[in-house]
Amino acid sequence: MGTTYARLDQRLRTFIVEQPVFFVATAPLSDDGHVNLSPKGRSGTLVVLDEHTLAYLDFGGSHAETIAHLRENARITLMWCAFTGPPKVLRVHGRGTPIFRDDPRFGPLVEHFGDADAPGLRAVVLVDADRISDSCGFAVPLMDHRADRDLHARHFGRKTDEEFAAYCAAKEHNVTSIDGLPAVPMPLPPRG
C-alpha cells in the first residue's frame with residue numbers, strides 16, 4: 001500500500017506542515033551503539049526548503065545524540081503520522097548535516113523559521129532526502145492536538161546566551177553522545 005515519491009510535491013509538503021509532531025531517528029555505526037529516536041513538535045521549527053531538502057531547528061537539552069550520529073555518519077530518518085484525518089505515515093530517509101552557530105549558512109537558514117527562532121537554539125539540521133515514502137498508518141491512533149507546550153521556550157528564554165552556552169557545556173551528553181561520539185562542539189559560539 002505504500003508509495004515511493006521522487007520529490008516532496010505540494011501535497012506532501014502540506015501534509016508535513018499540518019502535522020503537530022514529527023520524529024527523528026539516527027544511529028551510530030557501531031553494532032553496540034544506541035539508536036536514537038526523538039520527538040519534535042515546536043510549531044514552525046521545521047521547513048521544507050525545496051523538493052528534496054528540509055531543515056529543522058535543534059534546541060538545547062540534556063542530550064545531543066542526533067547531532068553526534070549525524071557528525072559520524074549523516075544517516076537520518078524523519079517520520080510524520082496522521083493523528084487526524086485519513087491514515088498516513090510519511091518517512092524521509094536522507095543525509096543530515098548539523099549547521100552550527102559559527103557556520104556561515106546558520107544565519108540564512110534560521111531566517112526561514114521566522115518567529116520559531118528562539119533562545120536555546122544550538123543548530124539547524126539540514127536534511128537532504130534520499131528516499132521519500134508513505135505507508136497506510138491504519139494502526140496509528142486518532143488523537144487531538146490541544147496545544148504546544150511552552151516549557152522549553154520559557155525555560156531557555158530566562159537564560160542569557162552565555163548562560164545557555166554554560167548549560168550546554170555542563171551537560172555530559174551535549175559534548176559527547178551516550179556512546180562517546182563527539183556531539184555539540186564547545187565552547188558553543190555566541191549567536192551572531
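Is Arg 105 buried, partly exposed or exposed, and what is its relative accessible area? Arg 105 is partly exposed, at 42%; buried means under 20% relative accessible area, exposed over 50%, and partly exposed in between (1.4 Å probe, protein chains only).

This is a predicted model in which local features need pLDDT of at least 70 and side-chain atom pairs count only at pLDDT 80 or more, while totals for chains, interfaces and linings use all residues. Residues are numbered from 1 along each chain as its sequence is written, and side-chain values use heavy atoms, with hydrogens and water left out.

**View 1. Arg 105 forms a salt bridge with Asp 103.** A salt bridge is a side-chain nitrogen of Lys or Arg within 4 Å of a carboxyl oxygen of Asp or Glu. Here the closest N and O atoms are 2.8 Å apart. The structure holds seven salt bridges.

**View 2. Arg 101 is paired with Asp 161 in a salt bridge.** Their closest N and O atoms are 2.7 Å apart. Arg 101 lies in the loop between β7 (89-100) and α3 (106-110) and Asp 161 in helix α5 (residues 161-170), so the pair ties together parts that are 60 residues apart in sequence. Helices (H or I, at least four residues) and strands (E, at least two) are DSSP runs, numbered from the N terminus. Arg 101 is buried at 8% relative accessible area, whereas Asp 161 is partly exposed at 23%.

**View 3. Arg 191 forms a salt bridge with Asp 117.** The closest N and O atoms are 2.8 Å apart. Arg 191 lies in the segment after α6 (172-175) and Asp 117 in the loop between α3 and β8 (121-135), so this pair links parts 74 residues apart in sequence. Arg 191 is partly exposed at 31%, and Asp 117 is partly exposed at 26%.
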